[in-house]
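Let's take a walk through this structure together. Keep the viewer open, and follow along as we go.

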Amino acid sequence: MPTSDSAISFGASTSASVSTCPSVPKTKEYMDSLVLPSQAKLEHIAQVQEEKEVEARRRARDEWRRRSASGASDGIHHAASTGHHKHDRDEAAKVIQKTFRGYRARRELQGYSLNASTRWVTAVREAQFRQGIKPHATAASPSAADGDVLALEDPIDYRPASARQKWKKASLVARRAGHDDSDSESDSDEGDLEGMTSEEKAAAKERRLKATAKRRQAARMLGLQYFLEMVDSKHRYGSNLRMYHEEWKKSDTKENFFYWLDYGEGRFIELDTCPRDRLEREQVRYLSREERQYYLVRVDAEGRLCWVKNGARIDTTEQFKDSIHGVVPLDDPTPAFAPTASENLHSQDNDDDDNDNDSDSSDESKREADRAAKYADPGFDDSKGLKKVTHISASTIFNQLLRKSVKKNTWIFVADTSFRLYVGIKDSGAFQHSSFLQGSRISAAGLIKIKKGRLSSLSPLSGHYRPPASSFRAFVKNLKEEGVDTSHVSISKSYTILVGLETYLKTRKKGKELVGKLMHGKDKLVAPEEVQRQEEEKKDKSESAEKERRVLEREREREEADKVKREMSKSDRVMEKIKSLPVHTK
């Protein structure tokens with residue numbers, strides 16, 4: 001089993017401290033006496049660690065370039081004397097590089113790809129995010145002060161909140177949602193560039209950088225309606241939270257939504273459309289950076305999709321299950337991430353077999369009911385005959401497509417902005433598209449079917465991200481460029497429907513804009529004074545808006561003056577200059 005250097009040094013320092021310092025009793029008083037650094041100190045630590053990490057990478061890169069240049073110059077200088085052994089040295093270097101890459105890949109799969117500095121930076125940022133999204137009480141505690149440090153285990157933040165802190169919380173959420181997962185080691189991996197000349201490697205790297213930049217420009221963020229799921233400390237299913245959020249907006253309260261929901265006035269509210277037990281039961285699993293590696297997929301030499309963790313070809317059949325180590329066979333003893341009540345009951349004595357069967361059937365019926373409630377539209381479902389037509393809309397059609405994705409044994413995929421592909425088994429309300437990247441940006445997402453490593457079916461359906469058809473087309477193109485065997489793949493009919501919906505919505509939007517312009521022009525002719533009064537009322541009366549209008553007006557006047565100058569003939573410009581010359585009279 002590989003052991004990281006940091007773990008070895010930590011063990012040595014621990015043993016040294018035990019031998020030189022008297023033993024300290026692990027009492028509650030001693031634990032309470034420990035004080036965490038302040039928020040500013042934690043941010044300073046994160047900044048220093050990040051700077052050290054960047055500097056270490058820069059030094060390593062410069063050292064590698066220096067050694068490469070030195071080796072090249074020595075090779076040229078001693079070409080006559082060492083020509084006989086040059087080939088042997090090159091072969092030895094290739095063996096060493098391949099061995100190191102294999103060692104690095106094994107460490108990456110076991111979570112050792114990050115050095116100590118990077119791990120501390122990630123841990124501090126995650127702690128800052130979790131501290132920032134904790135429910136904030138409206139009435140501050142009398143004992144809480146602005147400079148107090150909020151403990152990690154405190155469920156509620158009772159400290160007084162300023163406007164600056166609220167904006168900082170908003171920026172944390174926006175940064176998490178707009179984050180691109182980038183692993184420097186994976187991005188700089190040159191394993192697929194072996195055998196190329198330096199010019200070919202440079203061209204390949206340039207193409208890769210351009211493709212990554214293009215994907216990041218067209219990346220898709222988590223849907224706005226699912227932001228509640230991402231910022232919830234429990235990551236409860238976004239659709240369920242949205243129902244209670246609508247009730248919160250209707251209520252006359254000044255409490256934060258999550259405080260209102262769990263500790264405030266709304267803690268006793270229970271909706272018929274989403275009971276409290278379902279709200280608490282459906283919590284989406286968000287994978288850490290190490291857990292994410294268990295779902296990572298690569299392409300082998302034959303264009304088949306394989307798991308990076310063990311090289312086995314993927315097969316999206318019912319013979320597999322999800323676990324804490326990714327997708328494994330059904331007979332694998334690896335436990336699930338969050339065992340259900342029925343799984344826990346099986347571990348009890350055999351005397352309770354009847355009760356176990358009853359609990360199993362009850363739990364399964366609850367899950368069936370939960371799946372049936374996903375993407376439901378009561379108005380459309382309850383209507384009959386021609387009355388259904390009145391309830392048809394673009395969202396209704398899309399939700400009907402998404403209802404197919406909550407069935408058992410539905411496999412999903414996500415591709416990040418660096419085109420790392422992740423595949424897993426969907427468990428509606430527990431494992432979703434947002435699970436892979438913790439709600440960060442993606443380049444593509446949808447449903448997938450694979451048979452013995454060969455891609456057989458793709459669908460662009462994702463309720464959390466709702467990527468456009470253009471993202472799906474770019475994803476299919478990237479698959480072909482990466483060498484994936486697409487000879488047997490079939491594109492789901494949902495792609496055609498999605499293209500039709502997008503075309504319909506664009507046409508409808510343009511039609512509304514055209515009608516609005518025509519009506520506005522008509523009103524200007526019929527009642528110009530009324531139109532001018534309405535436009536004045538719609539204007540922003542704030543001081544900043546007035547300044548912006550003045551700046552725009554000056555820019556417009558400058559552009560008009562420049563346009564007039566450009567249109568003037570050369571002789572006119574000469575005459576204008578002559579007229580502008582000062583006249584001296586005696």
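What follows starts with the overall layout, then turns to the sheet, the core, the aromatic rings and a few residues in loops.

Keep in mind that this is a predicted model. The protein chain carries 23 helices and 9 strands. Of its 586 residues, 31% count as buried. Contacts across the sequence matter for the picture here: among those in the protein chain with a separation of 6 or more, 61% come from residues 24 or more positions apart.

Now find the sheet. It is an open one built from 7 strands, and reading across you get S2-S1-S6-S5-S7-S8-S9, with mixed pairing. The edges belong to strand S2 (305–307) and strand S9 (490–491); each has a single partner strand, so one side of each is left without a neighbour in the sheet.

Strand S5 (residues 411–415) and strand S7 (residues 444–451) run antiparallel and are joined by 4 bridges. If you want a landmark, look for Ile-412, which stands opposite Leu-447 in S7. Then look for helix H19 (residues 469–481): this helix lies across S5, strand S6 (421–425), S7, strand S8 (454–459) and S9. Relative to S8, H19 runs at about 170 degrees.

There is another strand pair to visit. Strand S3 (residues 320–323) and strand S4 (residues 326–329) pair in the antiparallel sense, over 4 bridges. A hairpin of 2 residues takes the chain from S3 to S4. Within this pair, Lys-321 has Val-328 in S4 as its bridge partner.

Next, the inside. Which residues have the most contacts inside the largest nonpolar core? That core has 63 residues, and the ones to pick out are Phe-436, Ile-448, Leu-458 and Phe-475. Follow Phe-475 for a moment: leaving out residues up to four places away in sequence, Phe-475 touches Phe-413, Ala-415, Phe-419, Leu-421, Ala-444 and Leu-458.

Phe-419, one of the residues touched by Phe-475, deserves a stop of its own. Phe-419 lies in the loop between S5 and S6, and its phi is near 60 degrees, a positive value in a residue other than glycine. Phe-419 is buried, with a relative accessible area of 14%. Asn-409 also has a positive phi, near 55 degrees, and is likewise a residue other than glycine. Asn-409 sits in the loop between helix H17 (394–402) and S5. With a relative accessible area of 28%, Asn-409 is partly exposed.

On to the aromatic rings. How many aromatic pairs does a search of the whole structure find? The search turns up 11 of them. Take Trp-248 and Phe-257: their ring centres are 5.8 Å apart and the planes make 65 degrees, so the pair is edge-to-face. Phe-257 is buried at 4% relative accessible area, whereas Trp-248 is partly exposed at 23%. These residues also belong to one aromatic cluster, made up of Trp-248, Phe-257, Phe-258 and Trp-260.

Tyr-295 and Phe-436 make another edge-to-face pair, 6.0 Å centre to centre with 80 degrees between the planes. This pair links distant parts of the chain, 141 residues apart: Tyr-295 is in the loop between helix H13 (289–292) and strand S1 (296–299), and Phe-436 is in helix H18 (residues 433–437). Tyr-295 is buried, with a relative accessible area of 0%, and Phe-436 is buried with a value of 0%.

Arg-285 is placed in the loop between helix H12 (276–281) and H13. Is Arg-285 buried or exposed? Arg-285 is buried, with a relative accessible area of 6%.

Finally, look at two spots where a charge meets a ring. The charged end of Arg-242 sits over the ring of Tyr-226, 5.7 Å from its centre. Over the ring of Trp-307 you'll find the charged end of Lys-309, 5.5 Å from the ring's centre.

Methods. Residues are numbered from 1 along each chain as its sequence is written. This is a predicted model: local features need pLDDT of at least 70, side-chain atom pairs count only at pLDDT 80 or more; totals for chains, interfaces and linings use all residues. Side-chain values use heavy atoms; hydrogens and water are left out. Rings of Phe, Tyr and Trp (its six-membered ring) pair if their centres lie within 6.5 Å; planes under 30 degrees apart count as stacked, over 60 as edge-to-face and the rest as tilted. Buried means under 20% relative accessible area, exposed over 50%, partly exposed in between (1.4 Å probe, protein chains only). A charge sits over a ring if NZ of Lys or CZ of Arg is within 6 Å of the ring centre and within 35 degrees of the ring normal. A nonpolar core is a set of buried Ala, Val, Leu, Ile, Met, Phe, Trp, Tyr and Cys residues joined through side-chain atoms within 4.5 Å. Contact means heavy atoms within 4.5 Å. Two strands pair if DSSP finds at least two bridges between them. Axes are lines fitted to C-alpha atoms, for helices over the stretch in contact, and angles run from 0 to 180 degrees between N-to-C directions.
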